[in-house]
Every structure is written in structure tokens, then in C-alpha cells.
Amino acid sequence: MERGAQTILKPGDTVGILGGGQLARMLSVAASRLGLNAHIYSPTSDCPAASVSERLSVGAYDDAKSVLAFAKTCDAVTYEFENVPAVTAKAAASVAPLRPGARALDVSQDRLVEKSFLRAQVGVDVAGFEDITSVHDLRRAVKRLGLPAVLKTRRFGYDGKGQVIIKTESEVDQAWEVVAPLPCILEAFVPFEREVSVVAARGLDGQVAAYPLTENVHRNHILHTSSAPASNDNGTAQSIAARILDHLDYVGVMGVEFFQMADGALIVNEIAPRVHNSGHWTQNAGCTDQFEQHIRAVAGWPLGEVTPKQGVVMTNLIGTDVETWQTLAAEPGTHIHLYGKREIRADRKMGHVNRII
Ligand code: AMP
């Protein structure tokens, strides 16, 4: 059993958060609402979470000594991103309960491990995939999976980064040049009808609570809108999410992304062992929001209500979209969430709005 595996936090205790971005910022606010203190660990001091947290430690993510010193001040440690190095997770877990645990990181950091876990251990459908370490592997895999197919780096891919779509045989060598020499997977292209996700939480006692199905639309590979509750929600996606959480003996909130086919079948695309952009709508839906839900789970508290009282469409504010804040602020039924990032960059998530429908 991990250190402090059954520890329950009380008001006044400290939740450590690895990462200082917008997700950590919203987690910090939720922690403070529950009377808990957030201690942020981030490589930079001017990160979005810094201004709303009790304490900030600045250090590199792979500096185990510095992470150890940080974790010693915490009653539990969590994270806002899945690429926490194994050495860091191990250091933190040696002195405080790490929730979710290190296994969730191992599984979600590497697309090959993740897809193998989902297919072989959980028994859910994923797109056909092949392990690729050379252009020879790639040529062979293209023959097996067919085209179109998507070549993706096994690690550090997000928002479409580190992936190339291959449409014809003539593009195979060129696609390899884009990602080589990084280990990759080739994934069969899924002709989905829509993309949906489920945000689900599992408490320290093993109780699972999943929010309704959310329908997601991407623009330029970045999430544009999330609408909830989505149509035709028969609970299947939530049962799949619950199975994944149970398999990992998970504590906290997880985002599970799916491709949905025309006949309704669900194919798991990926899992994120953290609060998720497609769950931001929960902040204004009249239920417990995903940030509070995560903190409740991490603190060992009972999970909150997941049934929304109203429908919500979340729209991300990317880059200069945020400059329309005055107009957005004047819209009735629109809730604005800005992340306090000083520099606007193209493709940078600057905030989001939740519109009640
Ligand atoms: P990912 O980073 O794997 O979530 O991919 C980003 C986006 O690319 C997804 O949300 C899909 O819109 C698209 N995509 C990724 N993999 C596939 C696939 N195998 N088939 C069809 N579309 C895909």
C-alpha cells in the first residue's frame, strides 16, 4: 500500500499540485473554497496558479530533491498534467499520498502503453494500432491497418502536436521524416460521427461518479466547444470510464475521450488522469464542478453531485479570442473564466466561457 493511502484531509490541510497552469489555478480556487490550502509546484513563478494559491515552490519537474521538499509540506499531492516524470511522482509518493497514483501516469504518458492497457486489461475498443520504431515498421503497419492512418509520437503529444495523417502510400516516408526518430504508433483512421467525452471521478472509498456525456468539437486540433449534456447518452461511456478507473484503483477526476460511430459504438481515443478541458462546463451547470470534485477525491472526502441543473456550452478562448472579453462580459447567461496569462500567443488557451442553454 502507498504511503498514507487511507489519509483523509481536514480543513486547513494542504493539497500539493504539480503544475501551475490554468487547471492548477482552478483546482486551487476549489481547494480554498473547501478550506484547504493549495501549494503549487511549477518551474516558473508567474504561472496562472501562483496568484490564487497559498504557497508556490519554483523548481524543475525532474528535480527530485526539490519535489521531495515540496511534497513534505503537503498532506496529499496531485497533478494537473500527465507528463509528470516517474522520478518526480516517486519522490512525491514517498512522503505524501499521491492521488491519482503513479500507475495512472505510467499508463497515460505513452500511447502504446495506454492503448495496450485499454484493449488488453480493461477490454474496451480502441482504434487499431501498431508499434513503430522505423520506417520499415511504418511501411509494414500501413499494409496491415490500411490508409488513411495517423502516425503519432508515443509521448508528449497534445492538441494534435506530434501527429501526422497519412492518406496515400506516397506520403509514408515523408510522414516518418516529420516524427523520426521518436518512437511512434500508427493508428487506423476512425471515421467517427462525433467526438464525445466523459469526466468521471473515483473516491478514496472506490465510489465512482460520472458526469453526463459531453460532445466536443475541435478546430485546428484544439478543443473549440464542449456541449453537455450531449444527445443520446445511454450511460455506456460512463460505464467504460468506471471500468478504467477501477482498473487503475484511481483516486481523482479523469477525462476519457471517445470517437462515436454512426451506429453509436464508442471507441476510446485517450484518457487524461486529471481534470479535463471538456469538463469545464461543470463550473456553471449547478452541480459540483470537476475541480471541486477532484479536490474532494484527493482529500478523501465524499464525491459531490454530478447531475447538472442546466445545459451548458463551453467555448475555449484561444489566442486573441480573449480580447473580446468586454463583449462576452455583457452577454446575459455567459460566465467568463480567464486564466490571467499575460502574454497572448496563437493557439494558447487564455480562458473559456460557459453559456447556459
Ligand atoms: P489526439 O491527440 O490523439 O486526441 O488527437 C487529436 C484529434 O485528432 C482527435 O480529437 C481527433 O479529432 C483527431 N484524431 C486523432 N486520432 C484519430 C484517428 N485515429 N482517427 C480519426 N481522427 C483522429
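**Reading a ligand site, a sheet and a helix pair**

Me: Where should I start with the ligand?

Reply: Start with E187: an N or O atom in the E187 side chain is 2.8 Å from a nitrogen atom of the ligand. That is a polar contact, a pair of N or O atoms within 3.5 Å. This is a predicted model, in which local features need pLDDT of at least 70, side-chain atom pairs count only at pLDDT 80 or more, and totals for chains, interfaces and linings use all residues. Residues are numbered from 1 along each chain as its sequence is written, and side-chain values use heavy atoms, leaving out hydrogens and water.

Me: Which side chains lie 3.0 Å from an oxygen atom of the ligand?

Reply: N269 places a polar side-chain atom at that distance, and E270 has a side-chain N or O atom there.

Me: What is the strand order in the open sheet?

Reply: Strands are DSSP runs of E, at least two residues, numbered from the N terminus, and two strands pair if DSSP finds at least two bridges between them. Here the order is β3-β2-β1-β4, with parallel pairing. The edge strands are β3 (55-58) and β4 (76-79). Five bridges join β1 to β2; G16 has H39 in β2 as its bridge partner.

Me: How do I describe two packed helices?

Reply: Use the angle between their axes and the distance between the axes. Axes are lines fitted to C-alpha atoms over the stretch in contact, with angles from 0 to 180 degrees between N-to-C directions. Helices are DSSP runs of H or I, at least four residues. The axes of α2 (residues 64-71) and α3 (residues 86-93) come within 8 Å and cross at roughly 35°.

Methods. Polar contact = N/O pair within 3.5 Å; in protein donor to acceptor, adjacent residues only side chain to side chain.
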